[in-house]
Amino acid sequence: MEIESITIHGGRGKDGTAEPVSEVTLRMGDIVSIVGPTGCGKTTLINDIELYAQLNTPSCRRVLINGERPPEELSWDPSRNPIALISQHTNFLSDMPVAQFLATHAAIRQSADRDHIVERTVSFANQLTGEPLILTNPMTELSGGQTRALLIADAVVIGNSPVILLDELENAGIHRTKALDLLRGYRKVFIFVTHDPRIALLSDYRIVMKQGAMQRVIMTEREERLVAEDIKKIDDLLLSLRQRIREGDRLSEEVVREHLQNLGYMPAA
Amino acid sequence: MKAVICAGPPTSGKTTILKQVTKRLLRNGHRPAYLKIDVQYADEDTLFADEFGIPTRKVYSGELCPDHCNVMVLGEAVEWAMENDCDFLLVETAGLCLRCSPYIEGSLGLVVIEATSGMNLPRKIGPMLSLADVAIVTKIDLVSQAEREVFRARILEAVPTVRVIETDALYGIGVDPLVSRLIASPDVAYPLYLRGNPPVGTCTICVGKKEIGWKQHFGVVRPLEGDMFYRGE
Ligand SMILES: Nc1nc2c(ncn2[C@@H]2O[C@H](COP(=O)(O)OP(=O)(O)OP(=O)(O)O)[C@@H](O)[C@H]2O)c(=O)[nH]1
Ligand SMILES: Nc1ncnc2c1ncn2[C@@H]1O[C@H](COP(=O)(O)OP(=O)(O)OP(=O)(O)O)[C@@H](O)[C@H]1O
Ligand SMILES: [Mg+2]
Ligand SMILES: [Mg+2]
Ligand SMILES: [Zn+2]
């Protein structure tokens with residue numbers, strides 16, 4: 001099925017009143033963030049999208065594909081489902097080795113290039129993780145970050161899903177800049193549930209939520225994209241300090257000062 | 001009057017699914033009755049009576065194989081539901097014996113299996129799955145989409161004709177198409193017949209003889225090497 005757009009018709013928030021955003025349409029190629037405080041209903045919103053809600057969820061939303069009610073078989077047959085959800089809780093339960101599982105999934109999806117697709121998927125995943133995952137590892141032995149990286153890689157490479165929903169990518173401990181860069185190379189709808197200002201500002205727009213309801217849709221402005229660059233620097237600073245700690249180094253005031261100077265946040269001594 | 005047999009391993013979500021189904025049947029003006037078969041403990045009958053105010057019953061099979069027990073009592077249970085002016089009898093099995101599958105010929109047979117139960121389950125459970133009309137996969141909220149796809153493919157590989165319905169039974173997601181299927185299913189047709197061939201359970205072990213080894217028994221017996229045969233008069 002060729003997807004051009006996903007439309008969400010607002011339902012009601014936790015207090016039962018109508019959502020301030022009564023309709024929002026996501027188009028192919030859009031990168032969208034969903035932001036808001038803990039417990040405000042972000043996960044609920046992407047669940048509604050994944051389930052093609054038709055007034056049958058607590059929020060009473062409706063989700064349309066290309067302006068129409070999606071055909072029912074989409075939700076029956078997951079291998080035809082254009083939406084892939086990588087949730088906060090998804091885990092692998094199967095102790096099949098990574099390679100065998102991916103090959104099985106690729107066969108079900110009738111993926112092209114069956115000979116190389118497993119390696120392509122794993123190498124995609126390994127660009128996002130610290131310690132690389134190995135083809136013979138049982139899936140249940142992967143770490144949280146490795147699991148998340150493999151889920152993303154599987155959805156993008158094997159699933160080839162046109163719509164990908166990612167719930168709090170930042171908490172998975174995977175490499176976010178790499179992830180965003182890699183993902184931008186694909187024409188899909190990406191929906192990030194996020195508390196991360198950088199992911200939010202690198203999106204085309206963001207949906208702000210409160211009390212279970214969509215409050216506003218905010219387009220990212222030019223100035224915000226510049227701010228995103230600054231945030232990237234601060235973020236990279238933290239990442240590089242984290243990297244040092246991970247590698248067993250000690251940190252000193254001098255090291256931090258040096259970093260800040262390199263970024264231009266402190267005059268050189 | 002339609003009878004629906006809902007089988008499935010323990011804790012797979014049979015009750016949770018049937019509650020969602022009952023809620024929807026009532027909403028559509030139907031009058032379901034509910035029967036639970038179990039070995040020695042079940043509280044589903046009071047659960048359904050309290051929550052929905054519908055006629056409910058339970059039967060403890062005790063010493064009898066629960067699925068064989070199910071076959072014994074089902075005829076009268078259908079009459080009981082009709083006497084109570086119901087148009088559906090929902091039967092939840094004990095689901096202990098994976099070999100037995102007390103589906104009724106011509107009526108709807110459901111098997112409930114958990115997405116979390118491991119990729120090989122569909123290959124293991126035999127007639128409970130192969131004789132069912134609909135395989136309901138529960139707990140899809142707990143597994144990755146990739147694994148859902150593999151699990152579903154494994155079911156269809158074992159039984160290409162079964163209709164697979166995936167559900168999050170807690171939230172009732174995926175239950176609507178199941179209810180449509182129930183409503184469209186045929187009425188019970190007399191005489192009632194069991195679907196498929198149930199395993200033969202007629203031997204002196206069934207009546208409580210405890211000696212180990214086939215030479216100590218009569219009826220349908222089998223040695224380690226070779227097939228079963230009938231021993232006795
Ligand atoms: N997360 C999740 N939990 C579920 C789902 N379906 C059932 N459960 C839970 O699984 C447990 C067992 O569900 P039941 O419906 O009692 O299972 P059952 O098959 O009736 O069990 P027995 O009658 O004891 O054999 C309960 O704690 C349910 O809340 C589901 O789709 N998702
Ligand atoms: N529109 C709504 N109507 C009724 N209940 C809702 C609505 N939106 C969310 N809820 C309920 O609010 C609770 C929290 O929602 P949710 O898990 O989606 O929050 P979240 O924003 O993802 O939180 P976190 O940042 O902690 O992941 C859930 O129990 C959910 O069912
Ligand atoms: Mg959440
Ligand atoms: Mg039960
Ligand atoms: Zn039996």
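Reply: Cys86(B) is buried in this predicted model. Its relative accessible area is 8%, under the 20% cut-off for a buried residue. Over all chains, the structure holds 0 disulfides. Cys86(B) is accordingly in no disulfide, and the nearest cysteine sulfur, in Cys6(B), is 17 Å away. A disulfide needs two cysteine sulfur atoms within 2.5 Å.

Chain A gives another case. Cys60(A) has its closest cysteine sulfur in Cys40(A), at 18 Å.

The shell around ligand 2 has 17 residues. Arg12(A), Gly39(A), Lys42(A), Thr43(A) and Thr44(A) come nearest. By class, the shell divides into 10 polar, 4 charged and 3 nonpolar residues.

Several contacts can be named atom by atom. Arg12(A), one of the nearest residues, places a backbone N or O atom 2.8 Å from a nitrogen atom of ligand 2. Gly41(A) also uses its backbone: an N or O atom there lies 3.0 Å from an oxygen atom of the ligand. His195(A) uses its side chain instead, with an N or O atom 3.3 Å from an oxygen atom of ligand 2. How much of ligand 2 does the protein bury? Taken alone, ligand 2 exposes 640 Å², and the protein buries 72% of that area.

Notes. Residues are numbered from 1 along each chain as its sequence is written. Chains are lettered from A and ligands numbered from 1 in the order in which they are written. This is a predicted model: local features need pLDDT of at least 70, side-chain atom pairs count only at pLDDT 80 or more; totals for chains, interfaces and linings use all residues. Side-chain values use heavy atoms; hydrogens and water are left out. A residue is near a molecule or strand if one of its heavy atoms lies within 4 Å of it. A polar contact is a pair of N or O atoms within 3.5 Å; within protein, one must be able to donate a hydrogen and the other to accept it, and residues adjacent in sequence count only if both atoms are side-chain atoms. Accessible areas come from the Shrake-Rupley method with a 1.4 Å probe; for residues, only the protein chains shown count as cover. Ala, Val, Leu, Ile, Met, Phe, Trp, Tyr, Cys and Pro count as nonpolar, Asp, Glu, Lys and Arg as charged, and the others, Gly among them, as polar. Buried means under 20% relative accessible area, exposed over 50%, partly exposed in between (1.4 Å probe, protein chains only).
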